[in-house]
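Let's take a walk through this structure together.

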Amino acid sequence: EVSNTDLLQQQANRESSARTYPRRFPLAIRHAKGLTVTDMDGKEYIDCLAGAGTLALGHNHNVVTDAIREMIDANVPLHTLDITTATKEAFIDELLVCLPANFSRDARVHFCGPTGADGVEAAIKLAKIATGRSTILSFQGGYHGSTHATMSLSGNLHQKGALEGLVPNVHFMPYPYDYRCPFGLGGRAGEKAGLNFIRSVLGDPESGVTKPAAIILEAVQGEGGAIPAPDDWLKELRQLTLEHDVLLIIDEVQTGFGRTGKLFAFEHSGITPDIVVMSKAVGGGLPLSVIAYHRKYDKWQPGAHIGTFRGNQLAMAAGRNTLRYIRENDLAGHAAAIGQQLASALRNLQTAFPQIGDVRGRGLMLGVEMIEDRTSDIQGYPKADPALARSVQKSCFDRGLILEVGGRHSAVLRFLPPLIISNAEMLKIIDIFSDAIAENCA
Ligand code: PMP
């Protein structure tokens, strides 16, 4: 019998030191179904990481495995470059139904390659081509990927530290992170101050920033620590971009397809973006990314953005079934309702334990920010406690719950369970997490 230890040993000897998840989750996975993964030694875990938000339907859902099996049995091509197939057109049909009608009516789609970063790369290139400008505004705490260009757009200096000369002309704007507003103002006042700053960057010729091609953001920051942009704030930002003729790119790689309680996170505010980036859930757990945008921006020259794996046929089949299942079973509504249940349980814990500084998020994308209760950071806010977050994460893991840690200070425990989560599974997650908090914060 091969054990966890055997496989982990092999991995440590042969894989690069860039690997991250295995450091925090020392297991090798034998099989997985729904929310449950089973390791080589037979121990079961509830998976609240779920491929970093990829597995909307959990592991090996029937509609995904059926789609894959049918493709193989029918001998339809698994690889066609970007030559079309019935599989691809059926996928696009479903994708366009998921997008809001006022957006999809005039939309074009472009397949970008297997990863979320591929989608962001394409969106940025398209915005530059369509506007003839090169500056991009991004947001503090944002995450858009690990390639050179997408890392340039991401706020995290820690990841960029070792690299000189990333993509130039990217400027970081303040995200409405109420808990640690850079202006020292909470709530609406802080959000207003941030918008005023962006207004001055766009409108003041003396701002030192040349007119941007686009503003890119997540409507709920994921890796940045489950921070939702308030609806009014996003509406005003959209208004600003329209006034200044700047494209608005919404990165829905993590938030898309029901996770935040609507099919797309930008829908909470009622805005319509110019470009939407989708990956993760869009391929039903298989690698796929795609952007959609208004057809007036379709300024690519043939060959301007190519790639061998622009459109994985298996991922399109799995993705089509997944999106249809999410839509027909209103998993967005389920995420909103059961997410509320988790959020209120987490808020109760916050009342009992001063080390829980903030509980926030939307739908099934929630975060718990751990703080030191006696010290403050350079801006006078409670100091984030990454060591405590790691320790809670470890206690959860030992008890059979896989939870990611993220956030600007690596002190946010992040909940990203599959959208099919049942009530019983939710109660078990709350139980385990409560025990882990009690153990670490008593
Ligand atoms: N954008 C967002 C919002 C993401 O959360 C991620 C991945 N976590 C990416 C882009 C990059 O996706 P990938 O890891 O597939 O390149």
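Start at the ligand: of the 15 residues around it, Thr115, Gly116, Ala117, Val253 and Gln254 come nearest. Here a residue counts as near a molecule if its C-beta atom, placed from the backbone, lies within 6 Å of it. What you are looking at is a predicted model, where local features need pLDDT of at least 70, side-chain atom pairs count only at pLDDT 80 or more, and totals for chains, interfaces and linings use all residues. Residues are numbered from 1 along each chain as its sequence is written.

Which helix gives the most to the shell around the ligand? That is helix α7 (residues 116-131), with 3 residues. Helices (H or I, at least four residues) and strands (E, at least two) are DSSP runs, numbered from the N terminus. Sorted by class, the ligand's shell holds 5 nonpolar, 7 polar and 3 charged residues. In this sorting, Ala, Val, Leu, Ile, Met, Phe, Trp, Tyr, Cys and Pro are nonpolar, Asp, Glu, Lys and Arg are charged, and the others, Gly among them, are polar.

Now find the open sheet, whose 4 strands follow the order β1-β2-β3-β16 with mixed pairing. Its edge strands, β1 (29-33) and β16 (401-402), each pair on one side only. Two strands pair if DSSP finds at least two bridges between them. Strand β2 (residues 36-39) and strand β3 (residues 44-47) run antiparallel and are joined by 3 bridges. Look for Val37, which stands opposite Tyr45 in β3.

Next come the helix pairs. Two packed helices are described by the angle between their axes and the distance between the axes. Axes are lines fitted to C-alpha atoms, for helices over the stretch in contact, and angles run from 0 to 180 degrees between N-to-C directions.

Helix α10 (residues 187-203) packs with helix α11 (residues 231-243) at an angle of about 10 degrees, their axes 11 Å apart. The two are therefore roughly parallel to each other. Angles under 35 degrees count as roughly parallel, over 145 as roughly antiparallel, 65 to 115 as roughly perpendicular and the rest as oblique. Glu191, Leu195, Ile198, Arg199 and Leu202 in α10 meet Trp233, Glu236, Leu237 and Leu240 in α11; contact means C-beta atoms, placed from the backbone, within 7 Å. This contact has 6 nonpolar, no polar and 3 charged residues.

Finally, the axes of helix α14 (residues 386-398) and helix α15 (residues 423-441) come within 9 Å and cross at roughly 130 degrees, so α14 and α15 are oblique to each other. Their contact has 7 nonpolar, 3 polar and 1 charged residues.

Key
Two residues are in contact if their C-beta atoms, placed from the backbone, lie within 7 Å.
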